[in-house]
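Here is my note for your first read of this model. Please keep the viewer open and check each point as you go.

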Amino acid sequence: MIKKTALSILLIYAAAGTNAQTLSPSLGHAAAGDEIQNPALDELKPEVRASLGPAIAYFEKKKTTASGAELGRQFGKLGLHYFAHEVQEPARQCLEKAISLDPDDFRWPYYLAAHYEETGVFESALVNYGRTLKINPAFAPAGIRSGLLLIELNRYDEAFRLLDAVNRD
């Protein structure tokens, strides 16, 4: 648990209610499948509730004036809050929405990859580390994490090539 929390905090700094609530990402009506399902805050630990409540309120305030890439950044930031507290499904939804609205920011596929890695969806993690590297080829953490994941998957030749390339850059 401490390792996961430390990893979540590190990831955040690396790139600089009673019922379930739904966030609508659009300024008007949300399209089907275009909503973030928030957890029931009263079911979470008090310290998690104390952190997520204000983060959700801040997002709700900012989304009324944000659009495009700025709205994507707001989704990304909220997704990081969820990820840091291991509230995985809303984290995934927010990060996917951040990627769709702010596709040129390498942070969102990187954090989504970390989410997938942490939740055991390793192929999706590798895909998103790859997306990160396409956006920002010099971002070594994505190459290193991808290489280490390939080693875990016993894909040693791929891991060697990737980690060697990261080492040369």
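1. **Helix α6.** Start with the buried residues of α6: A125, L126, N128, Y129, T132 and L133. Buried means under 20% relative accessible area, exposed means over 50%, and partly exposed lies in between (1.4 Å probe, protein chains only). The cover over these buried residues includes α4, α5, α7 and α8 (156–168). α6 has 14 residues and reaches 20 Å from its first C-alpha to its last. That is close to the 20 Å expected at 1.5 Å a residue. The expected span is 1.5 Å times one less than the number of residues.

2. **Ground rules.** This is a predicted model, in which local features need pLDDT of at least 70 and side-chain atom pairs count only at pLDDT 80 or more, while totals for chains, interfaces and linings use all residues. Residues are numbered from 1 along each chain as its sequence is written, and side-chain values use heavy atoms, with hydrogens and water left out.

3. **Overall layout.** The protein has eight helices and two strands. Their order from the N terminus is α-β-β-α-α-α-α-α-α-α. Helices (H or I, at least four residues) and strands (E, at least two) are DSSP runs, numbered from the N terminus. Of the 169 residues, 43% count as buried. The protein exposes about 9100 Å², and carbon and sulfur atoms supply 58% of that area. Accessible areas come from the Shrake-Rupley method with a 1.4 Å probe; for residues, only the protein chains shown count as cover.

4. **The core.** Which residues touch the most other members of the largest nonpolar core? They are L52, F75, L78, Y82, W108 and Y129, in a core of 37 residues. α2 (46–63), α3 (68–84), α4 (88–101), α5 (107–118), α6 (122–135) and α7 each supply at least two residues of this core. The largest share, seven residues, comes from α5. A nonpolar core is a set of buried Ala, Val, Leu, Ile, Met, Phe, Trp, Tyr and Cys residues joined through side-chain atoms within 4.5 Å. In soluble globular proteins, nonpolar side chains tend to be buried together.

5. **Helix α3 and Y82.** α3 has 17 residues and reaches 24 Å from its first C-alpha to its last, close to the 24 Å expected. Its buried residues include L71, F75, L78 and Y82. Leave aside neighbours within four places in sequence, and Y82 is in contact with N38, P39, L52, I56, V87, P90, A91 and C94. Contact means heavy atoms within 4.5 Å.

6. **Two positive phi values.** E86 follows α3 and has a positive phi near 60 degrees. It lies in the loop between α3 and α4. E86 counts as partly exposed because its relative accessibility is 27%. N154 also has a positive phi, about 60 degrees, although it is not a glycine. N154 lies in the loop between α7 and α8. N154 counts as exposed because its relative accessibility is 53%.

7. Beyond its neighbours within four places in sequence, S146 is in contact with L126, Y129 and L162. L148 also lies in α7, but L148 counts as partly exposed, at 47% relative accessibility. I144, L148, I151 and Y156 form a nonpolar surface patch with about 360 Å² of accessible area together. Three residues of the patch come from α7. Patches are made of residues with over 30% relative accessible area and no salt bridge: like charges are joined within 9 Å, nonpolar side chains (Val, Leu, Ile, Met, Phe, Trp, Tyr) within 5 Å.

8. **Salt bridges.** How many salt bridges does a search of the whole structure find? The search finds ten. A salt bridge is a side-chain nitrogen of Lys or Arg within 4 Å of a carboxyl oxygen of Asp or Glu. R92 pairs with E96, with the closest N and O atoms 2.6 Å apart. R92 and E96 are about one helical turn apart because they are four residues apart in helix α4. R145 pairs with E117 at 3.1 Å. This pair links distant parts of the chain, α7 and α5, 28 residues apart. Both R145 and E117 are buried.
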